[in-house]
Amino acid sequence: MNTRLFRLVIATCVVGGLGVVSPRAQDSPLAPQQTFRSTVDVVTIQASVRDGRGRVVSGLTSTDFEVRDNGQVRPILSLRSDNQSPLSLAILVDMSGSMRMGAKIPMARQAYASILTQLHQGQDEVALFTFDKSLHQRRDFTRDLASLTGALNEFEPFGTTSLFDATAAAARKLAARSGTHKAIMVLTDGIDTSSAMKAPEVSGLASSIDVPVFVVATVPSLDQRLMLEAAGRATPSDAADLRDLAEWTGGQFVFASTFLETVVAASGLVDGLRLQYVLAIEAASGREWRRLDVRVKRPSTTVKARNGYFAG
């Protein structure tokens, strides 16, 4: 299901087929039939649900969910949960100069390989991008997963990091793909140095087309501590970072400081993506940003979903 706003025809009725016909129409079988259509704008929402222990909650129905659109409860038109549905992934790998330090690049390559092993040949589709100051599409979207194996071995890190700009550009490319579950997977050391866009702007774009952003930060334990301390010292105006971007889009941010943690993190993100629920609601009228709040009517549950959309 395309996660951008789309026009869904929900009723098409031919007057002659409903038995409500005029005598003139009965007398003349060749008279043109009149068709009426009603349409509704639909917003799709990918949502992951976990219990108090962090385990995925399965078996929910539409009656278990509550979706608020700018504070107003909206009826759920449909709900889908199918772990066999196809994925559409854009994998973004940081190839900026900061990735040369330590084992960051080997760990990113390991995470990339782990993601590929979790995908279904001929069903899931993947595109590979690298980024430094710019985004580079290295492999177009394909279901031939074997053609992607080892693709990262061709590139070496260089230059500055425009991580937010790259994520925004990939979200636009991913919007038109057909997978039931879509996501951006970012493999990086988590430091943006040269983007024109900020995290809130990228989040708004990605959320508007329902593209969650999942981030694996391949950094040593010491760097993790320094990043968290720096975020804690930041002022509210500049505090938004990759963790916020992942949270606001319904994705997830994880650290990985060893090869084993990298494999586990990458595999876990793909598994979690497959187990997401896909809900649909009627969009509001008018052209404006609308805030979404998705909840489950069960105690001790946590829902991750997009935080809004552009109506109209």
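Me: Buried means under 20% relative accessible area. With that in hand, and with the reminder that this is a predicted model, what makes strand β7 mostly covered?

Reply: The count does it: β7 runs over residues 125-131, and seven of its seven residues are buried. E125, A127, F129 and F131 point one way from the strand, while V126, L128 and T130 point the other way. In a regular strand the side chains alternate between the two faces of the sheet. For β7, both sets of residues are buried.

Me: How do you know that β6 and β7 pair?

Reply: Two strands need at least two bridges between them to count as paired. Strand β6 (residues 87-94) has seven bridges to β7, in the parallel sense, so the pairing holds by that rule. One spot to look at is D94, which stands opposite F131 in β7.

Me: And what makes β9 and β10 partners?

Reply: Same test: at least two bridges are needed. Strand β9 (residues 181-188) is joined to β10 by five, and the two run parallel. V186 stands opposite V215 in β10.

Me: Why are β8 and β11 said to stand at the edges?

Reply: Follow the order of the six strands, β8-β7-β6-β9-β10-β11, in an open sheet with mixed pairing. β8 (135-142) and β11 (252-256) each have a single partner strand, so one side of each is left without a neighbour in the sheet. From one strand to the next, the twist averages 15 degrees.

Me: What makes helix α3 packed on the sheet?

Reply: Contact here means heavy atoms within 4.5 Å, and α3 (residues 163-174) touches β6, β7, β8, β9 and β10. Its direction makes about 155 degrees with that of β9.

Me: How do you know that the span of helix α2 agrees with what it should be?

Reply: α2 covers residues 104-117, which is 14 residues, and at 1.5 Å a residue it should span 20 Å. The end C-alpha atoms are 20 Å apart, so the two values agree. Among its buried residues are I105, M107, A108, Y112 and L116.

Me: Why is the pair F65 and Y277 called edge-to-face?

Reply: Ring centres have to lie within 6.5 Å, and planes over 60 degrees apart count as edge-to-face. F65 and Y277 have centres 5.3 Å apart and planes at 65 degrees, so they qualify. The pair links distant parts of the chain, with F65 in β3 (residues 65-69) and Y277 in β12 (residues 277-282), 212 residues apart. Both are buried.

Me: What makes F253 and F255 a pair, and how do their relative accessible areas class them?

Reply: Their rings are 5.0 Å centre to centre with 85 degrees between the planes, which is edge-to-face again. F253 is buried because its relative accessible area is 17%, under the 20% line. F255 has 22%, so it is partly exposed. The count of aromatic pairs comes to three.

Me: What makes R138 sit over the ring of F155?

Reply: For an Arg, CZ must be within 6 Å of the ring centre and within 35 degrees of the ring normal. The charged end of R138 is 4.1 Å from the centre of the F155 ring, and it sits over that ring.

How values were computed
Residues numbered from 1 in each chain as written. Predicted model: local features only at pLDDT ≥ 70, side-chain atom pairs only at ≥ 80, totals over all residues. Heavy atoms only, no water. Helix = DSSP H or I, 4+ residues; strand = E, 2+ residues; numbered from the N terminus. Expected span 1.5 Å × (residues − 1). Buried < 20%, exposed > 50% of the residue type's maximum accessible area, 1.4 Å probe, protein only. Phe/Tyr/Trp six-rings, centres within 6.5 Å; stacked < 30°, edge-to-face > 60°. Axes fitted to C-alpha atoms, helices over the stretch in contact; angles between N-to-C directions.
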